[in-house]
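Hi,

Here is the structure I said I would pass on.

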Amino acid sequence: MHQKLLQTLAGLACCTFGMSALGHDSTAHYMANEGLMVEHGDTKILFDPLFRNSYGQYLLLPEEMEQALFAGVAPYDGVDAIFVSHHHGDHFSPGDMVRLLREQPNIKLYAPNQAVIAMRSESSNSDADLFDRVIGVSLEYKDAPVALSMEGLQIEAVRIPHSGWPTGRLDVENIVWRVTLNEDTTVLHMGDADPNDVHFARDAQYWNRNNPHMAFPPYWFFSSASGRDILSNRIKAKRSVGVHVPVTISSDPIRRPAELRGFDLFTIPGETRKISAED
Ligand SMILES: [Zn+2]
Ligand SMILES: [Zn+2]
């Protein structure tokens, strides 16, 4: 009996070791506002990493973090791809993105066409080759989601209106990116999505498959009943970490508005979360 127990324990240890050896765990590294990096093995992707406008209420990247990003030093060495949610100053700076692609020639960029057009007007003739690494997505509201891929990444994109729908910001191409790293870990970045189920109900089957291991909704999904319902019943992420948190909201849950106390939020640049791909 003891022999059997030992074998069982050895088997468990073996499997646990095997999984970590294969690198099944991923890590999300918070930058600022909706900027973050997801890392799985050697694969690294960034969402909304470069922006200049805090609008007086959101975090900007700390100086050292920004320098490391441009220089391509740890943890921002070997970044494979960047995803931009939308062309707003608290998510995207076209001139800085041109500069980053110029200085880091192995990074590919995925962005809505509005953002790509803004980058073209910030670039010079000598930057023409750089746009070979820029993949613009052109999606209208209610278009079916699109799928793209590159080595190590399966990429899906759908346009979900910016918050303010149906009266404001209707022209903004806000893209929700669902990305699977190394056929193992799936994450969802939502930009400034509007938390109304009508946008998600139309693609119910799309949301029902490939449920993310971790979603990064703007924090207002947690403080609205329909936002919580979308996260639970459409997106079905195993875990969600809220982003776009105003600086007035404390990193200490106890000191937050009551409706946000029970949720996980990214509030401190450099903080991380483990993403478990175990089912
Ligand atoms: Zn926005
Ligand atoms: Zn925003």
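To start with the sheet: how many bridges join strand β10 to strand β11, and do the two run parallel or antiparallel? Three bridges link β10 (residues 185-189) with β11 (residues 214-216), and the pair runs parallel. Within that pair, V187 sits opposite M214 of β11. Strands here pair if DSSP finds at least two bridges between them. Helices (H or I, at least four residues) and strands (E, at least two) are DSSP runs, numbered from the N terminus.

Before the rest, a word on conventions. This is a predicted model, where local features need pLDDT of at least 70 and side-chain atom pairs count only at pLDDT 80 or more, while totals for chains, interfaces and linings use all residues. Residues are numbered from 1 along each chain as its sequence is written, and chains are lettered from A and ligands numbered from 1 in the order in which they are written.

Back to the sheet. β10 and β11 belong to an open sheet of six strands, ordered β7-β8-β9-β10-β11-β12, with mixed pairing. The edges are β7 (146-150) and β12 (239-240); each has a single partner strand, so one side of each has no neighbour in the sheet.

Now the chain as a whole. The protein chain has seven helices and 13 strands. Its radius of gyration is 19 Å, close to the 19 Å from the globule rule for 279 residues, so the chain is as compact as a globular protein of that length. (That radius is taken over C-alpha atoms, and the rule is 2.2 Å times the number of residues to the power 0.38.) The C-alpha trace spans about 75 × 45 × 40 Å along its principal axes. Of the 279 residues, 41% count as buried, meaning that 20 or more other C-beta atoms lie within 10 Å of the residue's own; exposed is 12 or fewer, partly exposed is in between, and C-beta atoms are placed from the backbone. Among contacts with a separation of 6 or more, 68% come from residues 24 or more positions apart; a contact means C-beta atoms, placed from the backbone, within 7 Å.

The helix pair I'd look at is α3 (residues 94-103) and α4 (residues 113-121). They pack at an angle of about 75 degrees with axes 8 Å apart. (Axes are lines fitted to C-alpha atoms, for helices over the stretch in contact, with angles from 0 to 180 degrees between N-to-C directions.) That makes α3 roughly perpendicular to α4, a label for angles of 65 to 115 degrees. P94, M97 and V98 of α3 meet A115, A118 and M119 of α4. On the α4 side, Q114, A115, V116 and M119 are the buried residues, and their cover includes α3, β5 (108-112) and β6 (134-137).

Last, some backbone details to check in the loops:

- A74 to P75 is a cis peptide bond, with omega near 0 degrees; P75 is in the loop between α2 (63-71) and β4 (81-83).
- W165 and P166 are also joined by a cis peptide bond, with omega about 5 degrees; P166 lies in the loop between β8 (153-159) and β9 (175-181).
- R169, in the loop between β8 and β9, has a positive phi of about 60 degrees although it is not a glycine.
- K236, in the loop between α7 (225-235) and β12, has a positive phi near 50 degrees and is not glycine either.

Cheers

Notes. Contact = placed C-beta atoms within 7 Å. Parallel < 35°, antiparallel > 145°, perpendicular 65-115°, else oblique.
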